[in-house]
Amino acid sequence: MEFSLAVQNNRLGASAEGMDAAGEAATRFGFKTLWVADHLLVSRKGGPKADAWYAQYNLLEHEWILEALLSLMYIGARHEKVLLGLGVIVPAMRDAPALAKEIASLDTLSGGRVVAGVGVGDEEDYLEYQNLGKEDRFMVRGAYLNETIALWRHLWSGSTEPFTGKFHQLTDFTFQPPPPQGGALPIFASGRSDRALARVGTNLDGYLGSRWSPGQFQDKWPAAIERARANGRPKPYLAMRVRIRIGEEPDEIWSLCGRAESIVSGLLDYEAAGANEVVLVFDAVRPEDVRRDTERFARDVLEPYRERSALQRV
Amino acid sequence: MDIGVAIPNHRAGASIQGLTAAADAAVRHGWRSLWAVDHLVVSRSEAVDYGWTLEPLVSLAYLGALYPTLRIATGVLVPAMRDAVHLAKELATLDNILGADRLIVGVGVGDAEDEIEYANLGKADRFHTRGAYLDEAIALWRHLWSGTAEPFAGRFNTLADFTFAPLPIRKDKLLVISGGRSDRALTRVGRLTDGFYSSRWGPTELRERWPGMLATAATNGRPRPFLAARVRVRFDVDPSSTTVYAVCGTPEQMVAELLAFAEVGVDEFVTVLDAVLPADVTRLADRFERDVVRPFRAALGGARPSSPPD
């Protein structure tokens, strides 16, 4: 199982320097991918169902945010080894054709390092859709996402054939250069609904999970693999975002916390559940805090994990 | 007058190497800024110039990350083909990750030939209101960039409950300049925008039009606008043979043209080289610096900038 890092392009104080520190840590510790989050203009109050959770989690996490693609390009330009993950972008809040071009350019300028995680957002994102002038999209966001994936692969493959969808029709167009990864640029689903997981086995390359405990996920992943097999697709890739809080008490958001040994055990559980990659989520935003958290993780958790993981394989 | 360069982010073969060749030349020669053109999914009739394009904001984020001393600029971005709120966030991000005083936001609406591109982007309806959309986009940006939580009620955008952070470093003073050749486009300058980005105009056209824009700014109590001129530079081409204005002819003629731009009051001369491949970019940039820019600077140093050259 490999390790990756969630770049804090969000949370109060997120900055180029903090993101750069994440890039340095990834290179230093051999993390595979840097993942960024996507929000554009969240609501301050949240919808009618907004509760303490909204204020504590959504607002705290996303009130301050640097745009995902440009953040990723910035990091990618400065750190050449690591893969660049959109984790995840919400096409229905933007426009699929423009996004096709932006992602293709990101892939070109990073030498083919992009992994495009996609999602639709949650119920509480309705007001953000509205702020973006996309409230009509909110009710059809799943269908829009499905069409987006088809349109992207069409454009990225280099096809000049017309594209006729429900939301977008392109007959007279040119789209060059195709991304270095072409129509095979990996697209990962996200989201906790069954529909989201069904997308993985149907036409996507992987899944970026979030807030799942290994136990919660154990039963769901084999079904996704089976669906992919039935559709004649390669085995999908599983990346899991896991919040890491060494030495801390549990709180409302699912995380691996407490003593280093129990975090190592938790990671082994993810590996057993089929995860190919754990995306480490630290709360750190300032560069010095990013360095502190990643160094501590590498020392107290990563080395013991690798030893135990190797022993288990033997 | 500073020299800038239009990065080769469009035309067949546009590549990372071509972009860095332009940025390297800018650093080598002390040029001030890198300017990127905006097209996304054009029709086949525009394929030669814009069918092959690297998205400008992504390209500028890439170059901005690697070249910390250069200013970067959109020349020009077309908000009506995108969404104003989304762009507010992208531009604020670019400004934040680049650092203070490095971003210039040039905006426009595109030409009549761009109608199919609007449709390809799912914005067919916007094409006919693109001027009004641009005006509102600028107002919306300044609203969001000021840090206010007050609602924004426009024709195209309505925001009641939102939070926008981080703000651009200069907040709503982030430089927004506009391009275009129509009368409507020109009236934005000094009223709504902080400067003008001319395209395909020589000193003659600027001499006619620029004083009006200065007057508009003065009338509106705004500071003197910024003037950037996007100009084709063509070597070994007879001036009488070109249909679109270009700085061309002998080196002496080319220097004289640059002096004329400076005399009109151009703050930055944005060089458009006829090159996409890195070796061509380097060769033409170096030749322009050696044969034209250096003699121009020498001549300017010896003459009063306000008096026309002999």
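Let's start in the loop between strand 1 (2-6) and helix 1 (16-29) of chain A, which is where R11(A) sits. Helices here are DSSP runs of H or I with at least four residues, strands are E runs of at least two, and both are numbered from the N terminus. R11(A) is not a glycine, yet its phi is positive, at about 80 degrees. Most residues other than glycine have a negative phi, and most peptide bonds are trans. R11(A) has 17 other C-beta atoms within 10 Å and is partly exposed. For that term, 20 or more other C-beta atoms within 10 Å makes a residue buried, 12 or fewer makes it exposed, and partly exposed is in between, with C-beta atoms placed from the backbone.

A quick word on the model: it is predicted, with local features needing pLDDT of at least 70 and side-chain atom pairs counting only at pLDDT 80 or more, while totals for chains, interfaces and linings use all residues. Residues are numbered from 1 along each chain as its sequence is written, and chains are lettered from A and ligands numbered from 1 in the order in which they are written.

Back to chain A. R211(A), in the loop between strand 8 and helix 9 (214-217), also has a positive phi, about 65 degrees, without being a glycine. There is a cis peptide bond too, from Q176(A) to P177(A), with omega near -5 degrees. P177(A) belongs to the loop between strand 6 (169-170) and strand 7 of chain A.

Over in chain B, the bond from G75(B) to V76(B) is cis, again with omega near -5 degrees, and V76(B) lies in strand 3 (residues 71-77).

Now, how do helix 4 (residues 84-98) and helix 6 (residues 130-145) of chain B cross? Their axes, lines fitted to C-alpha atoms over the stretch in contact, come within 9 Å and cross at roughly 50 degrees. The two helices are therefore oblique to each other; angles under 35 degrees count as roughly parallel, over 145 as roughly antiparallel, 65 to 115 as roughly perpendicular and the rest as oblique. Angles run from 0 to 180 degrees between N-to-C directions. On the helix 4 side, A84(B), V85(B), A88(B) and A92(B) meet residues of helix 6 including W141(B) and W145(B). Contact here means C-beta atoms, placed from the backbone, within 7 Å.

Last, the two chains together: 42 residues from chain A and 42 residues from chain B make the contact. On chain A's side, helix 4 gives the most, with 8 residues.
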